[in-house]
Amino acid sequence: MSLTEPEPEPEPEREPSAGAEPEPAADLPAVAPQLRILRRRASLTLEAAARAAGLSPAHLSRLETGRRQPSLPMLLALARVYGTTVSELLGETVAERDAVVRAADMEPTRAGGWTYWQAGAAGRGMQALRVHVPYGSQGDIVRVHPGEEWLYVLRGRLRLRLGDAAHLLTPGDSAHFDSLTPHRLAAADHDGADLLFVHTLLQSPTATLCLGPSTTGEAP
């Protein structure tokens, strides 16, 4: 369903059953406008966002229309799904982000054999990374998720499989694709490959980008 299609009507309110989640505090700020804005910024339908947050579409619809106020666990879940903070969900003003990321501040993060350096400000609509892909690691891990990805090969050669198509990228080559297309990345040379990598899936932590359990052996 596209974002322009009508969304489900909220279900009638029911009295909470025994053991049901308690109502949030009465002084919790109204968050309805922000919830809808942030969901649409994340390019998620009502159904997809509700499923990811462990809510029913009708319940999320009530939150977005102000008929219900979210509890703290709901806020935490929605912040994770939308790739933001509880403060932003509550409409609180955040400090101005620094536009410049200095090389000395780029601490490496390692996961599944890959190494990442944050190359952009946190909390933006895009996440920018510098990535080292080692040879023989993650070549069989296929990823499918919402969002877009763009990569640029700095050094080495990269094997990129998009759906049924296989590509060999060399330094200076780039690729821009819909992340819902099944894809996998692997270094083609024993020295690995270095990339610039940008994606729009804020809800994915750095350590899970295009990663899965460690694998060995030459990539296809």
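This report describes helices, strands, side-chain pairs and a surface patch in the structure above.

The model is predicted: local features need pLDDT of at least 70, side-chain atom pairs count only at pLDDT 80 or more, and totals for chains, interfaces and linings use all residues. Residues are numbered from 1 along each chain as its sequence is written, and side-chain values use heavy atoms, with hydrogens and water left out.

Helices (H or I, at least four residues) and strands (E, at least two) are DSSP runs, numbered from the N terminus. A residue is called buried under 20% relative accessible area, exposed over 50%, and partly exposed in between (1.4 Å probe, protein chains only).

Helix α3 spans residues 57–64 and is mostly covered, with 7 of its 8 residues buried. The buried residues of α3 are A58, H59, L60, S61, R62, L63 and E64. Just after this helix, G66 takes a positive phi of about 80°.

Side chains of opposite charge can pair when their charged atoms come close. A salt bridge here is a side-chain nitrogen of Lys or Arg within 4 Å of a carboxyl oxygen of Asp or Glu. The structure holds 4 salt bridges, and the table lists some of them.

| Salt bridge | N to O distance |
|---|---|
| R36 and E64 | 3.0 Å |
| R39 and E64 | 2.6 Å |
| R157 and D189 | 2.9 Å |

The side chains of R36 and E64 meet in a salt bridge. R36 belongs to helix α1 (residues 32–41) and E64 to helix α3, so this pair ties together parts that are 28 residues apart in sequence. R36 is partly exposed at 26% relative accessibility, whereas E64 is buried, with a relative accessible area of 5%.

E64 also meets R39 in a salt bridge. Because R39 lies in helix α1 and E64 in helix α3, the pair ties together parts that are 25 residues apart in sequence. Both R39 and E64 are buried.

R157 and D189 likewise meet through their side chains. R157 is found in the loop between β4 and β5 and D189 in the loop between β8 and β9, so their pair ties together parts that are 32 residues apart in sequence. R157 is partly exposed, with a relative accessible area of 33%, and D189 is partly exposed as well, at 21%. Salt bridges that share partners join R36, R39 and E64 into one network.

## Strands and their pairing

Two strands pair if DSSP finds at least two bridges between them. Strand β1 (residues 108–111) pairs with β2 in the antiparallel sense over 4 bridges; P108 has W117 in β2 as its bridge partner. Strand β2 also pairs with β3 in the antiparallel sense over 4 bridges, and T115 stands opposite H132 in β3. In strand β2 (residues 114–118), 4 of the 5 residues are buried, so this strand is largely enclosed by the rest of the structure.

Strand β5 (residues 158–162) is joined to β8 by 5 bridges, and L158 has A187 in β8 as its bridge partner.

Strand β9 (residues 193–199) contains H199, which is buried, with a relative accessible area of 1%. The C-alpha atoms of H199 and E149 are separated by 4.4 Å, although these residues are 50 apart along the chain.

## Aromatic pairs

Rings of Phe, Tyr and Trp (its six-membered ring) pair if their centres lie within 6.5 Å; planes under 30 degrees apart count as stacked, over 60 as edge-to-face and the rest as tilted. The structure holds 2 aromatic pairs. W114 and Y116 form a tilted pair, 6.2 Å centre to centre with 35° between the planes. W114 is buried at 3% relative accessibility, and Y116 is buried at 2%. W150 and Y152 form a stacked pair, 6.3 Å centre to centre with 20° between the planes. W150 is partly exposed, with a relative accessible area of 30%, and Y152 is partly exposed at 30%.

## A nonpolar surface patch

Patches are made of residues with over 30% relative accessible area and no salt bridge; like charges are joined within 9 Å, and nonpolar side chains (Val, Leu, Ile, Met, Phe, Trp, Tyr) within 5 Å. Accessible areas come from the Shrake-Rupley method with a 1.4 Å probe, and for residues only the protein chains shown count as cover. V142, V144 and L180 form a nonpolar patch on the surface, with about 270 Å² of accessible area together. V142 lies in the loop between β3 (127–133) and β4 (148–155) and is partly exposed, with a relative accessible area of 46%.
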